[in-house]
Amino acid sequence: MATYEEVKEVPNHPEVYLIDVRNKDEVANTGSIPASMHIPLPELENALTMPEGDFLSTFKRDKPSTDSVIIFSCMSGRRAQLATDLALNHGFKKAKSYHGSWSEWAGKRGL
C-alpha cells in the first residue's frame with residue numbers, strides 16, 4: 001500500500017506510475033494529484049493489455065512494464081484497490097493502492 005509521503009514524491013521519480021482511476025467528471029471537478037495519469041477504472045484493463053505503441057499514443061507515456069511500480073488512486077481508496085487487484089492479476093508485480101487517495105491528498109494539501 002502506498003502512503004501519502006510516497007505519493008508526494010512521485011514527481012521526483014519518473015519511473016513510478018501514479019494512475020488515477022476516477023471517472024472523468026470527478027477529476028474535472030476536483031483536480032488531480034501532480035504527476036498522475038488518468039485512466040478511468042472501466043478502461044483500465046484495456047489500457048494494461050494494449051500494445052506498447054497504442055499505450056504511448058493514447059496516454060503520452062511509455063507503458064509500464066510488469067516490474068514498474070504502479071500506484072493507483074481514486075476518491076477514497078476502494079476503486080484504487082480494485083485497480084491494484086486487476087493489475088496484479090495481469091502480472092504487474094509492483095502494483096499497489098494509495099488507500100487515502102484523493103480524499104487524503106486534498107485534506108493534507110488544504111484543497
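This is a predicted model: local features need pLDDT of at least 70, side-chain atom pairs count only at pLDDT 80 or more; totals for chains, interfaces and linings use all residues.
Setting aside residues up to four places away in sequence, aspartate 20 touches Val27, Ser32, Ser36, Met37, His38, Ile39, Pro40, Ser73 and Cys74. The residue lies in strand S1, which spans residues 17-20.

Four strands form an open sheet in the order S2-S1-S3-S4, and their pairing is parallel. Strand S2 (36-38) and strand S4 (94-97) are the edge strands, each pairing on one side only. On average, neighbouring strands of this sheet are turned by 30 degrees against each other, with direction ignored.

Next comes the pairing of S3 with S4. Strand S3 (residues 69-73) runs parallel to S4, and four bridges join the two. Within this pairing, isoleucine 71 has lysine 96 in S4 as its bridge partner. Helix H5, made of residues 78-89, packs on the sheet and touches both S3 and S4. The direction of helix H5 makes about 165 degrees with that of S4.

An unreviewed UniProt entry carries the annotation "domain: Rhodanese" for residues 12-109. Over that stretch, the chain is 46% helix and 16% strand. The C-alpha atoms at the ends of residues 12-109 are 18 Å apart.

How values were computed:
Residues are numbered from 1 along each chain as its sequence is written. Side-chain values use heavy atoms; hydrogens and water are left out. UniProt positions are given in the numbering used here, feature names are shortened, and annotations may be inferred rather than shown by experiment. Two strands pair if DSSP finds at least two bridges between them. Axes are lines fitted to C-alpha atoms, for helices over the stretch in contact, and angles run from 0 to 180 degrees between N-to-C directions. Contact means heavy atoms within 4.5 Å.
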